[in-house]
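Here is a set of questions and answers about a single structure, meant to be read beside its sequence and coordinates.

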Amino acid sequence: MSEQAEDEIFQPLWEYLVPPNGKAQTAQGEIIRIAGRVQHEFLDNGCINWDDDFQKMLDAFLEYLQLGNRFNEEDFKVAEVITPLKADYNR
């Protein structure tokens, strides 16, 4: 899968599941939030800010994955609908 294709899947889920501040309300949202934070720190900051909080996030990430709560088809559908609406609203 190309990086662009990954971004096209990831971004709508981020916008639908991750709040502007703080933790997400669902395990799926937390998985997306943590993945995004770690990716940003790794790719954009070169891990310069890496500390115990990032390690705690990775530990939590693994715990969330072990819960076995998968994204359902409805999550993807809602994310596809909401993302363009939010983009239009924020203009």
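Q: Which residues line the largest pocket?

A: This is a predicted model in which local features need pLDDT of at least 70 and side-chain atom pairs count only at pLDDT 80 or more, while totals for chains, interfaces and linings use all residues. Residues are numbered from 1 along each chain as its sequence is written, and side-chain values use heavy atoms, with hydrogens and water left out. On a 1 Å grid over the protein atoms alone, a pocket is an open set of points where a 1.4 Å probe fits, with protein on both sides within 12 Å along at least five of seven lines, and lining residues have an atom within 4 Å of a point. For the largest pocket, the lining consists of D7, F10, Q11, W14, G36, Q39, H40, L43 and D44.

Q: Which element gives the largest share of the lining of the largest pocket?

A: Helices are DSSP runs of H or I with at least four residues, numbered from the N terminus. Helix 1 and helix 2 are the elements that give two or more residues to the lining of the largest pocket. The largest share, 5 residues, comes from helix 2.

Q: Is the pair formed by the rings of F10 and W14 stacked or tilted?

A: Rings of Phe, Tyr and Trp (its six-membered ring) pair if their centres lie within 6.5 Å, and planes under 30 degrees apart count as stacked, over 60 as edge-to-face and the rest as tilted. The structure holds 2 aromatic pairs. In the pair of F10 and W14, the ring centres are 6.1 Å apart and the planes stand at 35 degrees, so the pair is tilted.

Q: Is F54 buried or exposed?

A: Buried means under 20% relative accessible area, exposed over 50% and partly exposed in between, with a 1.4 Å probe and protein chains only. W50, at a relative accessible area of 31%, is partly exposed. Because its relative accessibility is 7%, F54 counts as buried.

Q: Which residue's side chain is joined to that of R33 by a polar contact of 2.6 Å?

A: R33 is found in helix 2, and at 10% relative accessibility R33 counts as buried. A polar contact is a pair of N or O atoms within 3.5 Å, where within protein one must be able to donate a hydrogen and the other to accept it, and residues adjacent in sequence count only if both atoms are side-chain atoms. The side chain joined to R33 at 2.6 Å belongs to E30.
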